[in-house]
Structures are given as structure tokens and as C-alpha cells.
Amino acid sequence: MASITNLASSLSSLSFSSQVSQRPNTISFPRANSVFALPAKSARRASLSITATVSAPPEEEEIVELKKYVKSRLPGGFAAQKIIGTGRRKCAIARVVLQEGTGKVIINYRDAKEYLQGNPLWLQYVKVPLVTLGYENSYDIFVKAHGGGLSGQAQAITLGVARALLKVSADHRSPLKKEGLLTRDARVVERKKAGLKKARKAPQFSKR
């Protein structure tokens, strides 16, 4: 009995701590502000939004401006104009409208020098009828051309301008006809024949 009382007295002398660690056997380090510190779960991720505006190239802007200019000069379109002429060459067709102006030439809503790639011969074709009559700085030329190449279109414009000048005055026929500007050039490339290399070129004969 004495041993039991001694044991009870010894247990009563001991004091226990009421604070119990919820995560035993763990080592905690103080947080440091480092580059590699991960963001907290509660922090919202920043969203990056990029907005880009694509501007039209300068060539398209020039075409739009020329379209507005042509529509302002030609109310009702090409068909509603009085001084108009149609020219053809090879597979090219050109509808030409003349208006009093300073000698501007606009082809398919583009400047003639740009459209004809600055070729001096093609640019000369366009203005030959006006130069023949001395009107190179008296009329503006508006053209709608399609088909064929640039050379064919330039020569088609020549015939179209000459025919349009006939509607200005019947007295223009004699000088234009004298220069051969009212004649439709009917020359085209001859078609290839079967059995030949080109229209007329035959394969080389071999005796052996």
C-alpha cells in the first residue's frame, strides 16, 4: 500500500503541457523574400491582354483615295459619261472616258505610271492621240482595262482615246486617221498546229 501511495504522489507532482503540436516531426524555416518564392494560392494570376491593330498598306490606301476621286469625277459610273470610247488590242479591252482637266491618266483606279510599271513606250501609247491634236494637258483620262497584258492594254487605250476624241469634235477624224490611230490592230499570235513545234516551225528532219 505504501508503494501505491508513493506512486500517486509522484504522478501528482508532474505537470503536463496542454499545447499539442498539430504537425509533429516537422522543421519550419523562416520565409525569405527570394526570386524563387512561389505565389500564394489565394493570389490571383495577372492576365496579359495584347491588342494589335493592323494598318492597311499605303498602296491600298492610295487605291481607296483614287476610287473616291474617280467616283466624284464620274457621277453615275463610266457608262453614264458622254465622252467615252472603247478600244481593243489582242485580248485586251479598254473603256476610256475623257474629261476636261490637266492631263491626268488613271487606269483601274491607279496612276498610269504605276500601273504600266513606268514603261515609257506604254505611257507614250496612252497619250499619242492627245499629243497628235495638242490636247495633252487639256483632258484627264479615266480607264477601265482588263484582259491581255500591259502592252495590249496600253494599245487598246490608244484606240479608246482616239474614238473618244471623235465625240468631242468630228474635225478630229482627219488628223487621227492620218496617223493610223483609228484602225483596230487585228494582229494576234498565230495558233500552234498539230505535229509542229510552233505555229509553223516543224521538227528537224532526220534521215537516219
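Predicted model: local features only at pLDDT ≥ 70, side-chain atom pairs only at ≥ 80, totals over all residues.
By partly exposed I will mean a residue whose relative accessible area lies between the 20% under which we call it buried and the 50% over which we call it exposed.

Let me first give you the overall layout. The protein has 6 helices and 5 strands, and from the N terminus on, the order of those elements reads α-α-β-β-β-β-α-α-β-α-α. Of the 208 residues in the protein, 25% are buried, and the accessible surface amounts to about 16,300 Å², with 54% of that area belonging to carbon and sulfur atoms. If we take the contacts between residues at least 6 apart in sequence, 69% of them join residues that are at least 24 apart.

Now to the charged pairs. Side chains of opposite charge can pair when their charged atoms come close. In this structure we count 6 salt bridges, and I would like to go through three of them.

The pair I would ask you to look at to begin with is Arg73 and Asp140, whose side chains meet in a salt bridge at 3.1 Å, taken from N to O. This pair links distant parts of the chain, since Arg73 sits in helix α2, residues 58-73, while Asp140 belongs to strand β5, residues 139-146, and the two are 67 residues apart. Both Arg73 and Asp140 are buried.

The next pair is Asp185 with Arg187, where the closest N and O atoms of the salt bridge are 2.8 Å apart. Here the two partners fall into separate classes: Asp185 counts as partly exposed because its relative accessibility is 23%, whereas Arg187, at 60%, counts as exposed. This pair also belongs to a network of salt bridges, in which Arg89, Asp185 and Arg187 are linked.

That leaves Lys193 and Glu190, which form a salt bridge with their closest N and O atoms 2.5 Å apart. How exposed is Glu190, given the classes I set out in opening? Its relative accessible area is 37%, so Glu190 is partly exposed, and Lys193, with a relative accessible area of 26%, is partly exposed as well.

Definitions and conventions: Residues numbered from 1 in each chain as written. Heavy atoms only, no water. Salt bridge = Lys/Arg side-chain N within 4 Å of Asp/Glu carboxyl O. Helix = DSSP H or I, 4+ residues; strand = E, 2+ residues; numbered from the N terminus. Buried < 20%, exposed > 50% of the residue type's maximum accessible area, 1.4 Å probe, protein only. Contact = heavy atoms within 4.5 Å. Areas by Shrake-Rupley, 256 points an atom, 1.4 Å probe, with all protein chains shown as cover.
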